[in-house]
Structures are given as structure tokens and as C-alpha cells.
Amino acid sequence: MCGIVGYAGPRPVLDVLVPGLERLEYRGYDSAGIAVETGSEIAVVKQVGRIADLERALETRRPDGGIGVGHTRWATHGAPNTINAHPHLDCSHTVSVVHNGIIENWADLKSGLIERGHSFASDTDTEVVAHLLEEMSNVGLAEAVRRVMSIAEGALALCVMRRDEPDVLVGARRGSPLVVGLGDGENFLASDIPAFLEHTRRMLVVDDDRVVELRADDVRITDLDGMEITPKERVIEWDLEAAERGGYETFMLKEINEQPSALADTLRGRVDPMGAVTLRELTVPDQILRMIDKVFVLACGTSYHAAMMAKYAIERWTRLPVEIDIASEFRYRDPVLDGRSLVIGISQSGETIDTLAAIRYAKAQGSTVIGVTNVVDSALAREADAVLYTRAGPEIGVAATKTFTTQLVAMQLLGLYLAQVRGALDPGSVAHLVRELSLLPEKVTEVLGLDGHVAAMCGEWADVRDFFFLGRSGDFPVAMEGALKLKEIAYVRAEGYAAGEMKHGPIALIEPGVVVVGVAMDTRIRSKTLSNMQEMKARGATIVMVVEKGAESEVAEVADHVIALPDSPDLICTVLAVVPLQLLSYHVATAKGLDVDKPRNLAKTVTVE
Ligand code: F6R
């Protein structure tokens, strides 16, 4: 949430900051701003709206200098308007601050600052940092930031400039991501890699409670005691093309279409020729995996739907009991877990604060934690005892697509690995399922060929007000995900429900004009789902059925539209079934003329509770 990009070097500073902000816009996009140290002042330009609005404001005023910082905002404290846009200044305009996260004790800090004579221009929590730094002008900027870090509570990534140190940007991180890009005679500081990827692939990950002093020719990182730390330099493997639209109208469409190759990457090197699962990177010893007696899977949003599927898969394949929790609820229900519990946190970004807080709680109870994430070296990857990367490549569209299907496959690999290690499935059964998993990239390609069929169906639905997505067993998380996708990018009320639950209340909402999508890939219970769909049809709903090829005649009587997919075993077929629902939400949203890559009120990385 919120994107930061900072630059120190010889280029025109806005030529780095503005494209960098465009690449970070997925992190928040209600307002944006820049600050540049010009040699005579810290010049600030900010604007409510998108980066394009900021660019228009910069047409009349284009400050330049040796260092600068930009910010794209997702509002937490203070309405999304130009005044609350970052950067924020102190009273004397000698300090500028951009921030990602929430300063939880901002109200106390602010009232103290007001008592001491400071006046505030905005309603943000961030502005307290500018005024606190103003009071610390007697110490170097890095030391002042260290002091602020010990006063401010909550999740922070900061990037600050001060007039008396005109060649240095100081960054700090606790809880919100921050990375350094290492150039030749120039350096970058950002919330995420795409901000500087066109300039360098060399990078450093900044750990929590670290302060970065970034100059054109030097990067110094210290802990909160001022002790110098030398993090390992890394080389970014993906290139800029992976973070660009590549001829597609939107990132979301590109990412939907990248699923075959993303899934192939998730599987690569993780199964051996005999059909066994080999998760070499999973550094939890097999004897620990053998002695666990309970599994918890924790996640938010779309990732929670991967957790739902994982419950079915792990329980079915290992016979271990599995509990799933929306990560933000987990700590507050006093869950029963201990040293024999395995806790799996799923988060594409690896930075979702709710999920991080939940796994920290689990670690404190002595449980073993595995992180499943798409982002190398993210907080989840670093804090978990072991990590399984989903390898989907960068996902820029705010709605999760390829990161979700790769989560499904990663969780299925993990479930099969547990079953293998614990002897819960015989090698032949594991090999059969592994073979089916390896067919997914090809089958997803086939499903993507249905795009025209799905688009034609959705052409009629731009004005539909209510959708339901129903399924049982493994089809249920798919239905939940279909509904979430439609809600978030098409702004339509869409409910995902267990098909059998409709008759206990929600059926009252069914009437002509409502579209009900029934996911019925699970052959064991298809007839029951079909009965539920008949109940919807009888009340006038338009019915869409998602089934495997060959079952079209079975559903012909109930369905107004049929989406027929390649055959695949239960649970594994969730990966196929969700793809037409991604396309469905995409086409409904585009029929309404909406910006699918940047749906309103959302951000890609949710670093606030
Ligand atoms: C929906 C979506 C969100 C995220 C949720 C968790 O398309 O992307 O619901 O799934 O915010 O994010 P991660 O997976 O990064 O923890």
C-alpha cells in the first residue's frame, strides 16, 4: 500500500521518479507527489488522482536536482485529496517525508507536537514524522530517523530529505517493504523492484529496523543502534518486459494469459521422473513434518481461497486435520496450536500485515511455519521457517490471477509432499496426481481458448446487479474466488456460496435478472449441485454451468450457458475452473468501461491492518 521511489544521481530526477511511480501505481493510486532538492529549496508538487494527473501538474512546474522522492498513495489517515498527498513538509519546509504504512501512535505524537508549537497542513499520520525530524535538526538526518523509528509505532517505510544534507535520501523500514537498486554513479530506493528495473538489476533488500543512507555514489545501511550492516547483493532475474503490458490491453489480461507458463514454472524441478514430489527448498526436516498432528492455513482475500482449497487437498491426501483462518481473525480467536502444529501462511505479496501478524503469533506458540509467496525475500519468506515460492513472475494488475492459480498448484504440491513424507498416499497415487498437475499448463491454454465464448456471454451482463457463484467441495473456493474477482474489478454485488447453503436463506435474493454461476467440476457431487441450480432456475435466475467436457448434456436442461473445460481430477481441476471466472469478471468490467488494473479503493499490497 502506497509506493515510494527515491533517486540520487545525475539524471533529471523526474525522468526517474515519474516512470518509477507509474510502475508502482498498483500499490495505491488516489493521489501522488514528488519532492526534489533543487539546491535552493525542497520543491514539492502533488496532486489528487492518478500519476497522469501528477504529470499534468508537472507540465507547469518541473523541479530538478540531485536527489528526489516520489509517492503514490492509498489513503489510510486523511481523505484522498491533494493536501493529504505525500510528500509532507515540516513547518519550516526543511524536511520532506513520504511514508508507506500506518503510524499507530500518530494522534499522541501530533498532540504533543501541536503543544510544542507545530502547525499541521494535512490530516495524515505521516506528517508527524516531518515535524519530529524538524525538532531533531541538531543531529544528522540518519540518526534523527533512527530516533523517529524508536518513537513511531506501527508499520513504516519512510524516505526523507533534509535541506542541510542535500545529497542524501534517508530511508527506513519496519513492516513495509523497501528495496535498494544499485546503479553506477546513481542509486535508487523503492517499495518494489519495478520502480527501478529499467535502470539496474542489482539490488539489496532492506530488513526491518534498518536505516538506509542513499547517495549517488554510496549506500550505507545501519541498524537502529547505528551499527553498519552489509546485506547480500542480489541480481533480479526477471526483466522489465515481465513488468510491462507486452501488447495486451491490460496487465490483468496479460497475467490471465500468462498462467500456462506461470504454472509450468511453479512445477519446474519439483517433481522427479518417477512422479515423486521433490521440494528441495522446503528446509523443514521430514521428521518434523512426520510428527505434526494439525495444520493451519492462514491467508487473506484471494489467497484465503487458495487456503480453502488447500484444506480439502491436505485433509484428503494426508488425513491430517486442517483448520483455515482469515489471517486477520486468527490471533483473536485464541487458536489451539503448539509445537506439533504446522502453520502455512499464503500471501502473493508476502507483505500482507494481517498474514505476517498471524504467522508471528504461530511462531510464538512454537509452531513450524511455512510461507507460500510469490515475492522472493518478502517478509513472509524471511520470517517463515521455510518458504515455497509460487514463481508466477511479477503481477501488476491489482486483482490476483496468475498468483492465485500458482498458489493452488503450490499448495497441491505441498499437500502431496506431506502425504509422501508421512506415507499417507502410496507412491503410485502421488505419481498419478503429479502427472495430472503437470498437464495443467497445457489444459489452461485450452481453457484460455474459451475467451471469445465467455466474452460473448458477458456482453449482455453490463447492467446485471446481482451475481451468485455456487459450488460444493473443491468447487466452493472456486465459486468464492469468482465472486471476489467480479466484486473487486466490476463493482457488482457478487456472492460466493456453498451450493447447498442457498436454501438456508440467500435463495430469497434469487429472482429474474440475477445471474447464478454453478461450478460443478467435482463429479462425486455434481448431481447435488445440479439440484441446487434447478432451485435457482425455478426462481427465474439466468444459469451458467462450469463443467468438464462431456458433461454438457447433463447440464443442458438447467443451463442457459455452459462453459465446458478439459477433464481433470477433483481439486486439481480448481486451477482450470477459476480461469473462465477470471475472464468473466474481466469482460463484465470492461463492458462497463472500468479500469480493471486499478479498481477503486484497492491496493495490491496490503500493509495495514
Ligand atoms: C484479490 C486480491 C486480494 C489479495 C489479498 C491478500 O484479487 O488480490 O484479495 O489476495 O489482499 O494479498 P496477499 O496474497 O498479497 O497476502
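In this predicted model, the buried residues of helix α11 pack against β16 (294-299), α10 (327-330), β18 (341-347), β19 (368-373) and α12 (379-383).

**Helix α11 and what follows**
- Helix α11 covers residues 353-364, and its 12 residues should span 16 Å at 1.5 Å a residue; the end C-alpha atoms are 16 Å apart, which agrees.
- The buried residues here are Ile 353, Asp 354, Thr 355, Leu 356, Ala 357, Ala 358, Ile 359 and Ala 362.
- Just after α11 comes Gly 366, which takes a positive phi of about 90 degrees.

**Helix α1, an enclosed helix**
- Helix α1 runs over residues 13-24, and its end C-alpha atoms lie 17 Å apart, in agreement with the 16 Å that 12 residues should span at 1.5 Å a residue.
- Because 9 of the 12 residues of α1 are buried, this helix is largely enclosed by the rest of the structure.
- Those buried residues are Val 13, Leu 14, Val 16, Leu 17, Val 18, Gly 20, Leu 21, Arg 23 and Leu 24.
- The cover over them includes β1 (3-8), β2 (31-37), α2 (51-60), β4 (67-73) and β10 (187-190).

**Helix α14 and its neighbours**
- Helix α14 (residues 427-438) has 12 residues and reaches 16 Å from its first C-alpha to its last, close to the 16 Å expected at 1.5 Å a residue.
- At the start of α14, Asp 426 brings a side-chain oxygen to within 3.0 Å of the backbone nitrogen of Gly 428.
- Val 430, Ala 431, Leu 433, Val 434, Glu 436 and Leu 437 are buried in α14.
- The packing partners of these buried residues are α7 (259-267), α9 (301-318), α13 (402-421) and α15 (440-448).

**The pair α13 and α20**
- Helix α20 spans residues 574-591, and α13 packs with this helix at an angle of about 170 degrees, their axes being 10 Å apart.
- The two helices are therefore roughly antiparallel to each other, since an angle over 145 degrees counts as such.
- From α13, the residues Phe 404, Thr 405, Leu 408, Val 409 and Gln 412 meet Thr 574, Val 575, Val 578 and Gln 582 of α20.
- Sorted by class, this contact has 5 nonpolar, 4 polar and no charged residues.

- You can find Pro 569 in the loop between β25 (561-565) and α20.
- Leaving aside residues up to four places away in sequence, Pro 569 touches His 432 and Glu 436.
- Pro 569 and His 432 are 137 residues apart in sequence, while their C-alpha atoms are 9.9 Å apart in space.

**Thr 124, a buried loop residue**
- Thr 124 sits in the loop between α3 (106-115) and α4 (127-134).
- Is Thr 124 buried or exposed? Its relative accessibility is 1%, so Thr 124 counts as buried, the cut-off being under 20%.
- The side chains of Thr 124 and Ser 122 are joined by a polar contact of 2.8 Å.
- The Thr 124 side chain also reaches the backbone nitrogen of Glu 127, at 3.3 Å.
- Not counting residues up to four places away in sequence, Thr 124 touches Arg 73, His 77, Asn 84, His 88 and Trp 106.

Methods: Residues numbered from 1 in each chain as written. Predicted model: local features only at pLDDT ≥ 70, side-chain atom pairs only at ≥ 80, totals over all residues. Heavy atoms only, no water. Helix = DSSP H or I, 4+ residues; strand = E, 2+ residues; numbered from the N terminus. Expected span 1.5 Å × (residues − 1). Buried < 20%, exposed > 50% of the residue type's maximum accessible area, 1.4 Å probe, protein only. Contact = heavy atoms within 4.5 Å. Polar contact = N/O pair within 3.5 Å; in protein donor to acceptor, adjacent residues only side chain to side chain. Axes fitted to C-alpha atoms, helices over the stretch in contact; angles between N-to-C directions. Parallel < 35°, antiparallel > 145°, perpendicular 65-115°, else oblique. Nonpolar A, V, L, I, M, F, W, Y, C, P; charged D, E, K, R; others polar.
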